[in-house]
Amino acid sequence: MALPSIQLSDVQRDSPGQAELRHPMQPGINKIIVYERTDFEGLSREFTSDVPDLHELDFGDCICSLRVVGQPWIAYTAPKYEGDAYALEEGEYRTVEKNKAFSALRLVPHDLADPQITLYEEPDYAGQSKVVTEETNLTYGYFNDRVSSHVVQRGVWLLYKHPDRGGWYHIAWPGERLPDYKPELGFHNCLSHLRPLVPGRPAVTARILWGQRKVEDERDVLIDEIVGVNATDLEQTFTTCSSREYVTTTLQSFRFSNATSLRVGLSFTLAVEAANVFTVEKGRSESSTRRDRVEVLLPAKIPPRTQLTIHVVSKETTVSVPVELTISQNERTKTELGEYRCVSGRTIGTKYTMKPAPPPGGEQAPTPSTLGH
């Protein structure tokens, strides 16, 4: 069997001011493609590392649309990463919030998988504290407009002045210790919403470990029975059709490990065989049903004074195989194990039995004999 091939599916984010990813872009590579006009038109440039001054590359203050692949980028309105900053996560931006204003670009190289920030009610990390590990609207709790300092343990955070990602925001980097919002940001007791930047899609490759294939169950399932009786002294034609077609079913599923780092919505195709490509989507579509048509040959003749019975039997086999997933993201690689599981009834065979035909008006002869299959 062929090794599986992997292809990640498209992602969409259609809310105003957010990215929408509609065209497949190679995951695992961090880059930004910028255009001088909206809708990805006009001159363009592609960058894979920080650009402190776009003017030096003849592309300053002209960006109107862009594509981000992989890790987020920060765009600045002044060279050397000065001025207002705008966070750009993976996706396609047909227009940008600040047209023709970007003068510098910075890649976010940090590990964004396990973010954490600690907020403090008073300056110098004093008073009550709150540990946050996910996007949070503080207006729904007791910490709204009460934060005066913070420490970032992990990830890159956007701290908003208003709820629902509204208003001006500060970008807080890993390890950042901000002792007092008032002199540093003019942001004292104003924090209402915060969220971590989201990492880009990982590149996933898979290897089915066929050498560890395990047959968990095998059984015969009767799917049809055909009976023909020849009560004459001459050989008779059994049926006008030399074969019969049946529909078989294959149930297949993929199970991720309990500790998987892959997010809901990520999908890939697993090529189990040349004619069997199984698409797995984390959290949404991790199983599928496949139907095939199988033709079964039937005997042509029935001997004289004979009853012929044909049992059409499907051999149902349950198989599990480990799958090694290699996940590459932001120049880091790790492996996880999953499991491919298949319940297949694609193998169909026949078993023939013949016995003397019952005499007219009498009972059938009691003992059948198996002739073949």
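Leaving aside neighbours within four places in sequence, Asp 224 is in contact (heavy atoms within 4.5 Å) with Arg 244, Tyr 246, Ile 310, His 311 and Val 312. The model is a predicted one, in which local features need pLDDT of at least 70 and side-chain atom pairs count only at pLDDT 80 or more, whereas totals for chains, interfaces and linings use all residues. Residues are numbered from 1 along each chain as its sequence is written, and side-chain values use heavy atoms, with hydrogens and water left out.

Asp 224 lies in strand S17, which spans residues 214–230; helices (H or I, at least four residues) and strands (E, at least two) are DSSP runs, numbered from the N terminus. With a relative accessibility of 19%, Asp 224 counts as buried, a class that requires under 20% relative accessible area, with exposed meaning over 50% and partly exposed lying in between (1.4 Å probe, protein chains only). The side chain of Asp 224 makes a polar contact of 2.6 Å with that of Tyr 246 and another of 3.2 Å with that of Arg 244. A polar contact is a pair of N or O atoms within 3.5 Å; within protein, one must be able to donate a hydrogen and the other to accept it, and residues adjacent in sequence count only if both atoms are side-chain atoms.

Strand S19 (residues 243–255) pairs in the antiparallel sense with strand S22 (residues 287–297) over 11 bridges, pairing being assigned if DSSP finds at least two bridges between two strands. Within this pairing, Val 247 has Arg 293 of S22 as its bridge partner. S19 also pairs in the antiparallel sense with strand S25 (residues 332–356), over 6 bridges, and Phe 254 is bridged to Tyr 340 in S25. In general, strands of a sheet pair through backbone hydrogen bonds, either parallel or antiparallel.

Strand S4 (residues 73–78) is joined to S7 by 4 bridges, and Ala 75 has Leu 105 of S7 as its bridge partner.

The structure holds 0 disulfides (pairs of cysteine sulfur atoms within 2.5 Å). For Cys 64, which is in no disulfide, the nearest cysteine sulfur is that of Cys 62, 7.3 Å away. Cys 64 is buried at a relative accessible area of 5%, and Cys 342 is buried at 13%.
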